[in-house]
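Welcome, and please have your viewer ready. We will go from one selection to the next and look at what is there.

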Amino acid sequence: QVQVVESGGGLVQAGGSLRLSCAASGSILSINSMGWYRQAPGKQRELVAVFTSGGSTNYADSVKGRFTISRDNAKRVYLQMNSVKAEDTAVYYCNVDGRTNGGSRFGSWGQGTQVTVSS
C-alpha cells in the first residue's frame, strides 16, 4: 500500500510565493514519475510539473518560469510557486507512479491541497 500526502497550500496574494510538499510512503520498490497536478473549479485536472523517469522534468506552459519542482530524495518532492496569479487558484494534487515491493505497478494520488490566490 502506498500513501501520498501533500502539504503547504493556503491563501496567498497575487505576486506572492508558496511552497508545496509531497511525501510518498509505504511499500514502494521504485518510482517512475512523481509530480504535481491541479484542478480548478469546473475544469479538468491538468499537469503542473512532474519528474519523469530518468529525472527529467516537464512543466505546463502556463507555469514555466514561475514554478519550480524539486526533490530532496526519491520519495519527496516540492513545488515552489512564485509570482502566483489568480488563475493558479486550484486544488493541487501530488501523483506518484511506480512499482511496489511486490512488483505490482501502482499510481497513487494524494488528497489534494487548496491554493487560493487573491487579487
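Does Cys94 count as buried or exposed, and why? Select Cys94: its relative accessibility is 0%, so Cys94 counts as buried; buried means under 20% relative accessible area, exposed over 50% and partly exposed in between, with a 1.4 Å probe and protein chains only. A word on the source: this is a predicted model, where local features need pLDDT of at least 70 and side-chain atom pairs count only at pLDDT 80 or more, while totals for chains, interfaces and linings use all residues. Residues are numbered from 1 along each chain as its sequence is written, and side-chain values use heavy atoms, leaving out hydrogens and water.

Cys22 and Cys94 form a disulfide with their sulfur atoms 2.0 Å apart (the cut-off for a pair of cysteine sulfur atoms is within 2.5 Å). The pair links distant parts of the chain, 72 residues apart: Cys22 lies in strand 3 (residues 18–26) and Cys94 in strand 9. Strands are DSSP runs of E with at least two residues, numbered from the N terminus. Look along the S-S bond of Cys22 and Cys94: its torsion is about -80°, so the disulfide is left-handed. Cys22 also counts as buried, because its relative accessibility is 0%. A search of the whole structure finds 1 disulfide.

Now show strand 9 (residues 90–100) with strand 10: they run antiparallel, joined by 5 bridges, where pairing takes at least two DSSP bridges. Pick Asn95 and you will find its bridge partner, Trp109, in strand 10. In this hairpin, 4 residues sit between the strands, and Gly103 takes a positive phi near 95°.

Finally, select strand 10 (residues 105–109): Phe106 and Ser108 make up its covered face, and Arg105, Gly107 and Trp109 the uncovered one.
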